[in-house]
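Subject: Structure handover

Hello,

I am passing a structure on to you. Please open it before you read my notes.

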Amino acid sequence: MAKQQAAAKAAKETVKQTVETTSVKPTTVVKEPKKPTWEIKDRTYYLKDGSTPLTFRLASRHSALRPLLYFDKEAGYQKEIRYATNQMSPFASDQKGEATMGHIVFEEGMLVVPKEQQNLQKLLSLYHPQLNLKYEEFNPVVEAEDDLDNLELEFDAMSAARGMDIDQGEAILRVEKGSEVSSMSSKELKRDLLLFARSNPALFLELANDENVHLRNIAIKATENGIIALSDDNRTFNWASNNRKLMTVPFDENPYSAMAAFFKTDEGLEVFRSVEKKLN
């Protein structure tokens with residue numbers, strides 16, 4: 001009897017140790033991303049091209065000339081959409097009874113749709129084929145991000161303009177103002193350079209990083225100072241001192257862009273060095 005009790009006790013201890021040493025791994029639950037919920041709120045739409053016509057009428061019903069169709073992936077076919085003021089759904093197939101058709105009109109480039117007009121909001125925000133092409137829905141978060149990007153770009157351009165030497169600044173302004181920069185003082189150049197950087201920062205930074213802009217400016221200044229001469233037909237550059245030919249401008253190419261490209265060749269590099277010395 002004692003032996004049986006000892007064996008039972010040993011068996012219990014074995015089971016206990018097995019339970020204690022065996023770890024049960026928690027089941028990993030993969031959460032699927034939630035589908036964005038439709039928020040009931042007033043919504044504002046605006047024309048994308050920045051124009052503000054007195055009125056602009058957006059297509060509100062399907063026709064052969066202006067098809068209004070939305071491809072339903074779940075159904076596997078295109079559905080006709082239309083704006084009916086007395087219907088809850090923007091899909092013609094879901095509308096029941098007589099439909100009272102409405103107009104979609106932007107005034108001075110804007111359209112405000114109150115939360116009570118859910119059928120029109122969903123047509124404009126989800127299904128209309130001109131969404132993000134002809135018009136956009138106002139999104140304060142996206143607008144804030146765009147504003148921040150623009151401010152950072154403007155800051156970068158203004159910083160670059162402030163630390164830029166006069167020669168490079170003149171080269172950039174010449175693209176914008178032409179030969180007018182030749183008669184500007186250094187303070188006028190600096191002022192207009194900062195104004196240009198603030199008004200069009202993307203173009204300013206593009207020009208600041210384009211080495212050909214500086215080379216074009218050298219070619220123009222050399223011509224204005226009588227160091228090199230451009231023929232009347234804009235086809236040939238010569239040394240002004242002895243009329244020796246430097247290069248022929250390729251057909252249909254800007255002569256100063258062609259000279260900038262020539263300056264980067266082995267032959268043109270010597271010409272460039274000589275021109276720079278005479279300008280200085």
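Below are notes on aromatic rings, on charges over rings and on one helix residue.

First, the ground rules. This is a predicted model, where local features need pLDDT of at least 70, side-chain atom pairs count only at pLDDT 80 or more, and totals for chains, interfaces and linings use all residues. Residues are numbered from 1 along each chain as its sequence is written, and side-chain values use heavy atoms, with hydrogens and water left out.

Aromatic rings

The whole structure holds nine aromatic pairs (Phe, Tyr and Trp rings, the last by its six-membered ring, with centres within 6.5 Å; planes under 30 degrees apart are stacked, over 60 edge-to-face, the rest tilted). One of them joins Tyr45 and Tyr135, edge-to-face, at 6.1 Å centre to centre and 75° between the planes. This pair links distant parts of the chain: Tyr45 is in strand β1 (residues 43-47) and Tyr135 in strand β7 (residues 135-137), 90 residues apart. Strands are DSSP runs of E, at least two residues; helices are runs of H or I, at least four; both are numbered from the N terminus.

Tyr45 counts as buried because its relative accessibility is 0% (buried is under 20% relative accessible area, exposed over 50%, partly exposed in between; 1.4 Å probe, protein chains only). Tyr135 is also buried, at 0%. Ring pairs link Tyr45, Phe56, Phe106 and Tyr135 into a cluster.

Charges over rings

The charged end of Arg43 sits over the Trp38 ring, 3.9 Å from its centre (NZ of Lys or CZ of Arg within 6 Å of the ring centre and within 35 degrees of the ring normal). Lys79 lies over the face of Phe91, 5.0 Å from the ring centre.

A helix residue

Asn217 belongs to helix α7 (residues 211-224). At 2% relative accessibility, Asn217 is buried. Leaving out residues up to four places away in sequence, Asn217 touches Asp167, Glu170, Ala171 and Arg174 (contact means heavy atoms within 4.5 Å).

Best wishes
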